[in-house]
Amino acid sequence: MKRRQVIAAIGALSGGGAVVTGTGAFTSVEANRDVSVQVADDSSALLRMAAAGEGNDGYITTGGGELGIDLTSDNDAVGGEGVNANATTVIADLFEIQNQGTQEIEVEVTPLSFVDADGSDTLLVLVVPQSSFPSVTLGVGETETYSLVVNTFPGGNSLEVDDTITVTGEATN
Amino acid sequence: MQRRKFIAGVGSLAAGAAAVTGTGAFTSVSANRDLEVQVADDASALLAIDDIDGSPNSEYVDVSDNSVSIDISTTNGVGLNDNATTKILDLLKIKNQGTQPVYVWASGMPSNVKLAVQPSSQIQNDGTGAGENQGALSLNSNLSADDLDDDDPQAGESGGAEEAAPLLNAGDFINVELFSSGDLPDNLDFDGQITINAEDADQVD
């Protein structure tokens, strides 16, 4: 429907009402209202995502204001170039998610596990929420902390997880 | 849709939502974020485990695989003497390439075959007192699995009396020797795995 037609239709309806109520009808109103929307860095957004500040911040990247997790040779903040083969590596208290909105939300990180395999070599990465699995309810201002568990068995330096986690925050009511 | 009409539309929507909820709440946010994990050779991993450049004892260490292995056996031409003290210096170098201080120790060694920290290491707690490392690295030497940081002189019979595991800040390393002493188990033929542990200093008991 074209704009002119919409206005005409609304006009007619309003006109009809005016006859009944006896008020001064208007044919059309077009009003502009201010809308202010800003994109914030993850660390200051409504759904805040940031390094947890517990000693493992070096594994967190914030390129472009977006939180990322990097346990590879690309990460210059860490001397090591990846996890050990044939080992279990725990990165405790890696990042946190905080509800900086105005109502209670349900926060979910998906997926929570990643696998890469080559023959018998297996790389398993688990994202572990601290207080509630698999999702957590966060009141206004509340925070959930996430750790990483990486298991390699028996190993294989060709293995790699290069993937995406999706963080969802949804109002509970 | 032209811009002006879009603004008008958003304007009425915002006004409507405010009337209903009375707050500026957000209903949902969904964001995709990168996660990258790589497996490295032991020599370049977060806990770097490597042989020592120029050490004649590197021939007992195989670094060709992803994970380092030690071979002191007749298949490699030698074996340990029984009822003797054997030291193999400069066998391994273990380096903390992570981001925070960790205690490092080894578990699962065969009886009377031990690993020790050499004085040429760079650690935070070398010394001779409680909470300090005097050279022990494997749990079958003078380390207690229950008190790796030896921080509580009142704790149990071993509290404060034993030594702490070596404490490595990011960038610190230990040079590791292997030694055997006394009676080795009859027909010692250990072909298994030992575990090199590194744990955040705040988590170690």
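Guide: Partly exposed is the class between buried, under 20% relative accessible area, and exposed, over 50%. A:Glu66 has 41% relative accessibility, so A:Glu66 counts as partly exposed. The model is predicted, and the values below are computed from it.

A:Glu66 forms a salt bridge with B:Arg33, and the closest N and O atoms of the two are 3.7 Å apart. This pair crosses between chains: B:Arg33 is in strand S1 of chain B, while A:Glu66 is in the loop between strand S2 (60-61) and strand S3 (68-71) of chain A.

B:Arg33 has another partner. The side chains of B:Arg33 and A:Asp42 meet in a salt bridge at 2.5 Å, N to O. Here too the pair crosses between chains, and A:Asp42 is in the loop between helix H1 (3-21) and strand S1 (47-51) of chain A. B:Arg33 is buried, with a relative accessible area of 8%, and A:Asp42 is buried with 6%. Taken together, A:Asp42, A:Glu66 and B:Arg33 are linked in a network of salt bridges. Side chains of opposite charge can pair when their charged atoms come close.

The elements of chain B that give two or more residues to the side touching chain A are helix H1 (3-21), S1 and strand S2 (47-50). S1(B) gives the most, with 13 residues. By class, that side of chain B has 15 nonpolar, 16 polar and 7 charged residues. The contact takes 38 residues from chain B and 64 residues from chain A. Between them the two chains bury about 4,200 Å², 51% of it on carbon and sulfur atoms.

S1(B) also pairs with a strand of chain A. Strand S4 (residues 83-84) of chain A and S1(B) pair in the parallel sense over 2 bridges, and A:Val83 stands opposite B:Val39.

Over all chains the count comes to 4 salt bridges. One of the salt bridges joins B:Glu177 and B:Lys87, with the closest N and O atoms 3.4 Å apart. B:Glu177 lies in strand S9 (residues 173-180) and B:Lys87 in strand S5 (residues 86-96) of chain B, so the pair ties together parts that are 90 residues apart in sequence. B:Glu177 counts as buried, at 7% relative accessibility, whereas B:Lys87 counts as exposed, at 54%.

Key. Residues numbered from 1 in each chain as written. Chains lettered and ligands numbered in written order. Predicted model: local features only at pLDDT ≥ 70, side-chain atom pairs only at ≥ 80, totals over all residues. Heavy atoms only, no water. Helix = DSSP H or I, 4+ residues; strand = E, 2+ residues; numbered from the N terminus. Buried < 20%, exposed > 50% of the residue type's maximum accessible area, 1.4 Å probe, protein only. Contact = heavy atoms within 4.5 Å. Buried area = accessible area lost by both parts, 1.4 Å probe. Nonpolar A, V, L, I, M, F, W, Y, C, P; charged D, E, K, R; others polar. Pairing = 2+ DSSP bridges.
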